[in-house]
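Q: Could we go through this model together, feature by feature, so that I learn how each kind of description is to be read?

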Amino acid sequence: MTIENDPMGQAIADYHKHGKAAQLRVLSPVLEDDEIPVKTLFRSLQEMPAIERVALEQARGHILDVGAGAGCHSLALQGQGKPVTAIDISPVAVATMRERGVVDVLEQDFFTYDGPRFDTILMLMNGIGIVGTVSRLPAFFMQVDRLLADGGQLLCDSSDICYIYEDEDGFIDLTGVEGYYGEMTYQMQYRGVKGSTFPWLFVDADTLREQAAACGFDLEIVLVGDHYDYLARITRRRG
Ligand code: SAH
(Lines give C-alpha, C1' and ligand atoms only; values in the text may rest on other atoms or scores of the structure.)
Protein backbone atom coordinates (compact mmCIF):
# COMPACT_ATOMS: atom_id res chain seq x y z
CA MET A 1 0.00 0.00 0.00
CA THR A 2 1.11 3.54 -0.67
CA ILE A 3 -0.16 6.82 0.68
CA GLU A 4 -2.72 6.74 -2.17
CA ASN A 5 -4.82 4.10 -0.51
CA ASP A 6 -3.62 4.21 3.08
CA PRO A 7 -3.82 7.79 4.36
CA MET A 8 -4.46 6.66 7.93
CA GLY A 9 -1.41 4.39 7.95
CA GLN A 10 0.72 7.29 6.73
CA ALA A 11 -0.66 9.57 9.43
CA ILE A 12 0.07 6.90 12.07
CA ALA A 13 3.64 6.48 10.80
CA ASP A 14 4.24 10.24 10.75
CA TYR A 15 2.96 10.70 14.28
CA HIS A 16 5.08 7.83 15.50
CA LYS A 17 8.24 9.13 13.81
CA HIS A 18 7.87 12.86 14.39
CA GLY A 19 5.48 13.17 17.34
CA LYS A 20 3.09 15.08 15.11
CA ALA A 21 1.11 14.59 11.94
CA ALA A 22 -0.73 16.67 9.37
CA GLN A 23 -4.53 16.81 9.34
CA LEU A 24 -6.20 13.45 8.76
CA ARG A 25 -9.52 14.31 7.18
CA VAL A 26 -12.58 12.11 6.81
CA LEU A 27 -14.72 12.96 3.81
CA SER A 28 -18.30 11.78 3.50
CA PRO A 29 -21.12 12.63 1.12
CA VAL A 30 -23.66 12.48 3.99
CA LEU A 31 -21.86 13.90 7.00
CA GLU A 32 -19.86 17.07 7.21
CA ASP A 33 -16.16 16.62 6.56
CA ASP A 34 -14.46 15.69 9.78
CA GLU A 35 -11.01 15.20 11.18
CA ILE A 36 -9.48 12.38 13.19
CA PRO A 37 -6.93 13.84 15.60
CA VAL A 38 -4.05 11.44 14.90
CA LYS A 39 -2.94 11.76 18.52
CA THR A 40 -6.10 9.92 19.65
CA LEU A 41 -4.88 6.80 17.84
CA PHE A 42 -1.95 6.87 20.30
CA ARG A 43 -4.14 7.23 23.42
CA SER A 44 -3.01 5.73 26.70
CA LEU A 45 -5.20 3.60 28.94
CA GLN A 46 -5.99 6.69 31.05
CA GLU A 47 -7.06 8.63 27.96
CA MET A 48 -9.43 5.93 26.70
CA PRO A 49 -13.20 6.30 27.06
CA ALA A 50 -14.91 4.10 29.67
CA ILE A 51 -16.26 1.75 26.98
CA GLU A 52 -12.74 0.90 25.87
CA ARG A 53 -11.35 0.55 29.38
CA VAL A 54 -14.16 -1.80 30.32
CA ALA A 55 -13.61 -3.80 27.10
CA LEU A 56 -9.92 -4.20 28.00
CA GLU A 57 -10.86 -5.29 31.53
CA GLN A 58 -13.29 -7.87 30.15
CA ALA A 59 -10.85 -9.19 27.55
CA ARG A 60 -9.54 -12.57 28.63
CA GLY A 61 -7.57 -15.53 27.30
CA HIS A 62 -5.82 -15.11 23.95
CA ILE A 63 -7.05 -11.81 22.50
CA LEU A 64 -7.26 -10.74 18.84
CA ASP A 65 -7.15 -6.95 18.40
CA VAL A 66 -8.77 -6.36 15.00
CA GLY A 67 -7.88 -3.21 13.06
CA ALA A 68 -5.38 -2.45 15.77
CA GLY A 69 -4.17 0.83 14.16
CA ALA A 70 -1.31 2.33 16.15
CA GLY A 71 -1.67 -0.48 18.71
CA CYS A 72 -2.99 1.45 21.70
CA HIS A 73 -5.21 -1.39 22.94
CA SER A 74 -2.65 -4.11 22.22
CA LEU A 75 0.01 -2.19 24.14
CA ALA A 76 -2.33 -1.66 27.09
CA LEU A 77 -3.23 -5.36 27.17
CA GLN A 78 0.41 -6.40 26.84
CA GLY A 79 1.19 -4.09 29.76
CA GLN A 80 -1.36 -6.01 31.81
CA GLY A 81 0.33 -9.28 30.90
CA LYS A 82 -2.54 -10.42 28.66
CA PRO A 83 -1.61 -12.36 25.52
CA VAL A 84 -2.69 -10.40 22.44
CA THR A 85 -2.32 -10.70 18.68
CA ALA A 86 -2.81 -7.45 16.73
CA ILE A 87 -3.94 -7.53 13.11
CA ASP A 88 -4.27 -4.66 10.69
CA ILE A 89 -4.63 -4.49 6.94
CA SER A 90 -2.26 -1.52 6.72
CA PRO A 91 1.44 -2.46 6.33
CA VAL A 92 2.45 0.96 7.64
CA ALA A 93 0.31 0.59 10.76
CA VAL A 94 1.73 -2.91 11.27
CA ALA A 95 5.33 -1.66 10.96
CA THR A 96 4.55 1.14 13.43
CA MET A 97 3.04 -1.28 15.94
CA ARG A 98 6.18 -3.45 15.74
CA GLU A 99 8.36 -0.40 16.36
CA ARG A 100 6.17 0.59 19.29
CA GLY A 101 6.73 -2.81 20.88
CA VAL A 102 3.59 -4.80 20.05
CA VAL A 103 5.05 -8.30 20.12
CA ASP A 104 2.60 -10.27 18.00
CA VAL A 105 1.46 -8.26 14.97
CA LEU A 106 0.15 -9.55 11.66
CA GLU A 107 -0.60 -7.74 8.41
CA GLN A 108 -3.96 -9.32 7.69
CA ASP A 109 -7.41 -8.57 6.39
CA PHE A 110 -9.77 -9.72 9.15
CA PHE A 111 -12.20 -11.20 6.64
CA THR A 112 -9.63 -13.58 5.10
CA TYR A 113 -7.47 -14.18 8.17
CA ASP A 114 -7.12 -17.87 8.88
CA GLY A 115 -5.42 -18.18 12.23
CA PRO A 116 -5.79 -20.04 15.49
CA ARG A 117 -8.91 -19.53 17.57
CA PHE A 118 -9.12 -16.73 20.11
CA ASP A 119 -10.93 -16.37 23.42
CA THR A 120 -11.64 -12.69 22.82
CA ILE A 121 -11.98 -10.82 19.55
CA LEU A 122 -11.70 -7.10 20.17
CA MET A 123 -12.96 -4.45 17.75
CA LEU A 124 -12.75 -1.00 19.31
CA MET A 125 -13.27 2.61 18.21
CA ASN A 126 -16.29 1.60 16.15
CA GLY A 127 -14.14 -1.30 15.01
CA ILE A 128 -17.11 -3.27 13.68
CA GLY A 129 -17.40 -0.43 11.14
CA ILE A 130 -15.05 -2.37 8.85
CA VAL A 131 -17.96 -4.70 8.08
CA GLY A 132 -19.18 -1.81 5.89
CA THR A 133 -22.83 -2.75 5.36
CA VAL A 134 -25.58 -4.66 7.18
CA SER A 135 -25.65 -7.14 4.29
CA ARG A 136 -22.07 -8.14 5.09
CA LEU A 137 -22.85 -8.97 8.73
CA PRO A 138 -23.65 -12.66 8.01
CA ALA A 139 -20.25 -13.14 6.32
CA PHE A 140 -18.67 -11.30 9.23
CA PHE A 141 -20.33 -13.62 11.75
CA MET A 142 -19.14 -16.65 9.79
CA GLN A 143 -15.59 -15.38 10.18
CA VAL A 144 -16.17 -14.67 13.89
CA ASP A 145 -17.43 -18.25 14.24
CA ARG A 146 -14.28 -19.52 12.53
CA LEU A 147 -11.93 -17.54 14.78
CA LEU A 148 -13.70 -17.78 18.14
CA ALA A 149 -12.70 -20.52 20.58
CA ASP A 150 -15.33 -22.46 22.54
CA GLY A 151 -16.77 -20.10 25.15
CA GLY A 152 -15.14 -17.14 23.42
CA GLN A 153 -16.49 -13.60 23.09
CA LEU A 154 -16.48 -10.78 20.58
CA LEU A 155 -16.28 -7.36 22.27
CA CYS A 156 -17.12 -4.46 19.99
CA ASP A 157 -18.29 -0.90 20.34
CA SER A 158 -20.38 1.10 17.92
CA SER A 159 -22.53 4.20 17.73
CA ASP A 160 -26.16 4.48 16.75
CA ILE A 161 -25.91 7.50 14.47
CA CYS A 162 -29.68 8.09 14.31
CA TYR A 163 -28.93 11.41 16.05
CA ILE A 164 -27.63 12.91 12.82
CA TYR A 165 -31.24 12.82 11.61
CA GLU A 166 -32.59 14.63 14.68
CA ASP A 167 -34.49 17.85 14.02
CA GLU A 168 -34.57 20.96 16.24
CA ASP A 169 -37.41 19.47 18.30
CA GLY A 170 -35.43 16.33 19.07
CA PHE A 171 -37.41 14.08 16.71
CA ILE A 172 -35.53 11.54 14.66
CA ASP A 173 -36.96 11.22 11.18
CA LEU A 174 -35.49 8.41 9.09
CA THR A 175 -38.21 8.34 6.43
CA GLY A 176 -36.13 9.97 3.70
CA VAL A 177 -33.13 7.75 4.28
CA GLU A 178 -32.39 5.12 1.65
CA GLY A 179 -31.25 1.75 2.97
CA TYR A 180 -29.89 1.35 6.49
CA TYR A 181 -29.17 4.75 8.01
CA GLY A 182 -25.86 3.71 9.57
CA GLU A 183 -24.18 2.81 6.28
CA MET A 184 -21.63 5.43 5.33
CA THR A 185 -19.17 5.88 2.53
CA TYR A 186 -15.94 7.44 3.59
CA GLN A 187 -12.76 8.65 2.07
CA MET A 188 -9.69 9.62 4.05
CA GLN A 189 -7.39 12.42 3.08
CA TYR A 190 -3.90 13.00 4.36
CA ARG A 191 -1.31 15.54 3.23
CA GLY A 192 -3.62 16.51 0.38
CA VAL A 193 -3.86 12.94 -0.94
CA LYS A 194 -7.23 11.20 -0.96
CA GLY A 195 -7.47 7.46 -0.43
CA SER A 196 -10.08 5.30 -2.12
CA THR A 197 -13.65 5.35 -0.86
CA PHE A 198 -14.75 2.58 1.49
CA PRO A 199 -17.98 1.59 3.17
CA TRP A 200 -18.24 2.01 6.94
CA LEU A 201 -21.00 0.73 9.18
CA PHE A 202 -22.42 2.35 12.30
CA VAL A 203 -24.76 -0.29 13.59
CA ASP A 204 -27.34 0.24 16.33
CA ALA A 205 -27.59 -2.38 19.05
CA ASP A 206 -31.00 -3.77 17.98
CA THR A 207 -29.93 -4.33 14.38
CA LEU A 208 -26.70 -5.93 15.53
CA ARG A 209 -28.61 -8.16 17.96
CA GLU A 210 -31.03 -9.30 15.22
CA GLN A 211 -28.23 -10.05 12.77
CA ALA A 212 -26.21 -11.85 15.44
CA ALA A 213 -29.24 -13.95 16.42
CA ALA A 214 -29.81 -14.97 12.79
CA CYS A 215 -26.23 -16.26 12.75
CA GLY A 216 -26.45 -18.18 16.04
CA PHE A 217 -25.02 -15.57 18.40
CA ASP A 218 -26.32 -13.81 21.50
CA LEU A 219 -25.66 -10.15 22.17
CA GLU A 220 -25.40 -8.54 25.56
CA ILE A 221 -24.91 -4.82 26.13
CA VAL A 222 -21.99 -4.45 28.53
CA LEU A 223 -22.00 -0.67 28.78
CA VAL A 224 -23.85 2.27 27.28
CA GLY A 225 -21.73 5.32 26.53
CA ASP A 226 -22.72 8.96 26.86
CA HIS A 227 -23.48 9.61 23.20
CA TYR A 228 -25.53 6.87 21.52
CA ASP A 229 -22.60 4.48 21.78
CA TYR A 230 -22.42 1.08 23.39
CA LEU A 231 -20.12 -1.85 24.11
CA ALA A 232 -21.52 -5.25 23.13
CA ARG A 233 -20.47 -8.76 24.01
CA ILE A 234 -21.37 -11.34 21.38
CA THR A 235 -21.14 -15.04 22.16
CA ARG A 236 -22.31 -18.27 20.53
CA ARG A 237 -25.86 -19.10 21.58
CA ARG A 238 -25.78 -21.74 24.26
CA GLY A 239 -27.59 -25.03 24.02
N1 SAH B 1 -8.62 0.10 16.77
C2 SAH B 1 -7.70 1.22 16.60
C3 SAH B 1 -7.64 1.79 15.19
C4 SAH B 1 -8.94 2.18 14.55
S5 SAH B 1 -8.75 2.76 12.91
C6 SAH B 1 -7.99 2.27 17.64
O7 SAH B 1 -8.98 2.14 18.36
O8 SAH B 1 -7.23 3.23 17.77
C9 SAH B 1 -9.24 1.34 11.99
C10 SAH B 1 -8.09 0.44 11.61
O11 SAH B 1 -8.66 -0.71 10.98
C12 SAH B 1 -7.09 1.03 10.63
O13 SAH B 1 -5.79 0.94 11.12
C14 SAH B 1 -7.28 0.17 9.35
O15 SAH B 1 -6.07 -0.05 8.64
C16 SAH B 1 -7.81 -1.13 9.93
N17 SAH B 1 -8.61 -1.98 9.02
C18 SAH B 1 -9.53 -1.57 8.12
N19 SAH B 1 -10.07 -2.63 7.49
C20 SAH B 1 -9.48 -3.73 8.00
C21 SAH B 1 -9.61 -5.14 7.74
N22 SAH B 1 -10.46 -5.60 6.82
N23 SAH B 1 -8.84 -6.00 8.45
C24 SAH B 1 -7.96 -5.54 9.38
N25 SAH B 1 -7.80 -4.22 9.66
C26 SAH B 1 -8.54 -3.33 8.98
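This is a predicted model: local features need pLDDT of at least 70, side-chain atom pairs count only at pLDDT 80 or more; totals for chains, interfaces and linings use all residues.

Q: Where is Tyr 228 found?
A: Tyr 228 is found in the loop between β11 (217-224) and β12 (229-236). A positive phi of about 60° is assigned to Tyr 228, although it is not a glycine, and with a relative accessible area of 35% Tyr 228 is partly exposed.

Q: How is a pair of aromatic rings described?
A: A pair of aromatic rings is described by the distance of the centres and the angle of the planes. Rings of Phe, Tyr and Trp (its six-membered ring) pair if their centres lie within 6.5 Å, and planes under 30 degrees apart count as stacked, over 60 as edge-to-face and the rest as tilted. By this rule the count comes to 12 aromatic pairs. One of the pairs joins Phe 110 and Phe 140, which is tilted, at 5.7 Å centre to centre with 45° between the planes. Phe 110 lies in the loop between β5 (105-107) and β6 (118-123), and Phe 140 lies in helix α5 (residues 137-147), so the pair ties together parts that are 30 residues apart in sequence. Both Phe 110 and Phe 140 are buried.

Q: What kind of pair do Phe 198 and Trp 200 form?
A: Phe 198 and Trp 200 form an edge-to-face pair, with 6.2 Å centre to centre and 85° between the planes. Phe 198 counts as partly exposed at 26% relative accessibility, whereas Trp 200, at 17%, counts as buried.

Q: Which residues do ring pairs link into a cluster, and which ring does the charged end of Arg 136 sit over?
A: The cluster linked by ring pairs consists of Phe 110, Phe 111, Phe 140, Phe 141 and Phe 217. The charged end of Arg 136 sits over the ring of Phe 111, 4.3 Å from its centre; a charge sits over a ring if NZ of Lys or CZ of Arg is within 6 Å of the ring centre and within 35 degrees of the ring normal.

Q: How many residues surround the ligand?
A: A residue is near a molecule or strand if one of its heavy atoms lies within 4 Å of it. The ligand is surrounded by 18 residues, the closest being Arg 43, Gly 67, Asp 88, Asp 109 and Phe 110. The residues of this shell divide into 10 nonpolar, 5 polar and 3 charged, where Ala, Val, Leu, Ile, Met, Phe, Trp, Tyr, Cys and Pro count as nonpolar, Asp, Glu, Lys and Arg as charged, and the others, Gly among them, as polar.

Q: Which protein atoms lie 2.8 Å and 2.9 Å from a nitrogen atom of the ligand?
A: A backbone N or O atom of Gly 67 lies 2.8 Å from a ligand nitrogen atom, and a polar side-chain atom of Asp 109 lies 2.9 Å from a nitrogen atom of the ligand. Taken alone the ligand exposes 570 Å², of which the protein buries 88%; accessible areas come from the Shrake-Rupley method with a 1.4 Å probe, and for residues only the protein chains shown count as cover.

Q: Which side chain does Ser 90 join in a polar contact?
A: A polar contact is a pair of N or O atoms within 3.5 Å; within protein, one must be able to donate a hydrogen and the other to accept it, and residues adjacent in sequence count only if both atoms are side-chain atoms. The side chains of Ser 90 and Asp 6 are joined by such a contact of 2.6 Å. Ser 90 lies in the loop between β4 (84-88) and α4 (91-100) and is buried, with a relative accessible area of 4%.

Definitions and conventions. Residues are numbered from 1 along each chain as its sequence is written. Side-chain values use heavy atoms; hydrogens and water are left out. Helices (H or I, at least four residues) and strands (E, at least two) are DSSP runs, numbered from the N terminus. Buried means under 20% relative accessible area, exposed over 50%, partly exposed in between (1.4 Å probe, protein chains only).
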